[in-house]
Amino acid sequence: MPIKKIDGGYFLDERPWGSKGKRIQKKFVTKAEAQRYLNYVVTNGEQKPWTKQKEDKRRLSDLIDKWYEVHGQTYTDPESSKRKLDAIAVALNNPIASQLTPKAYSEYRGKRLESGVKPKTANNDLTLLKGVYNKLISLKDIGYPNPIANVEKIKVQEQELAFLTHEDITKLFKAIEGARHPNLDIVTKICLSTGARISEACGLHGSHVIKSGNTYKVTFVNTKGKKNRSVPISQSLYEEIPKKTGPLFTDCRKAFERAINRAGIQLPDGQCTHVMRHTFASHFMMNGGNILVLQKVLGHAKIEQTMIYAHFAPSHYEDAVRLNPLAKYN
């Protein structure tokens, strides 16, 4: 970090224009003052002789195009990410990328929130745009600090994840009986049995369904975490899955949403397509499952992602009594 806390204030020590550029060292009373000074120097000193660098006049859209060329194409849905970034650039009047300010971005975000955009969506957009700058900085394509690095995410109240009860599941399969989509029943069973995202289940191929001796499993590819994962399944489920080469199913996300509505199941906004994944994880923990096993089954990179289901464990609260420091004392 270029700004470090010291006794009596903060110390700025940075080479904004690379290792061969001018080094800035200065002491400030507050961190905010140090950051403002750094931003001022970067914005106003690009063309000074001592920087030994030409001012970067590329616009935000140019940086987005470059990011997409060198990195963005590796995203799970690169076209969608590119469209979002292009829309942000247009809304910001496509400024010179180095001159975008935290104030300008915050004002743009404020207008978006007033128009009805949800805070979580606004946070995702901020993360995406910050990532453009950070990636190009890491590749040394741009030689100035991320201009929106200090824009903070909006604090969002954590929403409880909805899951289906046994009664809900019965209603759901009853509603599925009247569905026109030929794959909806088996895709739903796969998701509830493995914790798969519905898009992962719909993307299964014949080669992903494996029988080895008396064991059966499915392997999900093209996952959100970009890692293949294999999950055991029962023999009965294996026998219901079509046996053919190539893709097994067509997309049935819309058909699932309609089935949820027909079943009269009320879910929080935005949780419909993930409710089967949450249902698997919640019941897994309620039935005494191991949180580390659940992490592997769901494909979470960090255990913190899986810990949102820990409170469903039967012993979740009992352990507070059994393991507290006064338990043996008493």
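Predicted model: local features only at pLDDT ≥ 70, side-chain atom pairs only at ≥ 80, totals over all residues.
**Core-binding annotation**
- An unreviewed UniProt entry lists residues 58–137 as "domain: Core-binding (CB)".
- That span is 71% helix and 0% strand.
- The C-alpha atoms at the ends of residues 58–137 are 14 Å apart.

**Aspartate 125**
- Aspartate 125 sits in helix H5 (residues 119–138).
- Its relative accessibility is 8%, so aspartate 125 counts as buried; the cut-off for buried is under 20%.
- Leaving aside residues up to four places away in sequence, aspartate 125 touches Lys84, Ile88, Tyr105 and Arg112.

**Helix H12: two sides**
- Helix H12 spans residues 291–298, and Ile291, Leu294, Gln295, Val297 and Leu298 are buried there.
- Viewed down the axis of H12, these buried residues fall within an arc of 165°, so they line one face of the helix.
- Leu292 and Lys296 are exposed on the other side of H12.
- The cover over the buried residues of H12 includes helix H7 (184–194) and strand E6 (229–232). It also includes helix H11 (275–286) and helix H13 (303–306).

**Helix H12: its ends**
- At the start of H12, asparagine 290 brings a side-chain oxygen to within 2.7 Å of the backbone nitrogen of leucine 292.

Key
Residues numbered from 1 in each chain as written. Heavy atoms only, no water. UniProt positions renumbered as here; feature names shortened; annotations may be inferred. Helix = DSSP H or I, 4+ residues; strand = E, 2+ residues; numbered from the N terminus. Buried < 20%, exposed > 50% of the residue type's maximum accessible area, 1.4 Å probe, protein only. Contact = heavy atoms within 4.5 Å. Arc of directions from axis to C-beta. Polar contact = N/O pair within 3.5 Å; in protein donor to acceptor, adjacent residues only side chain to side chain.
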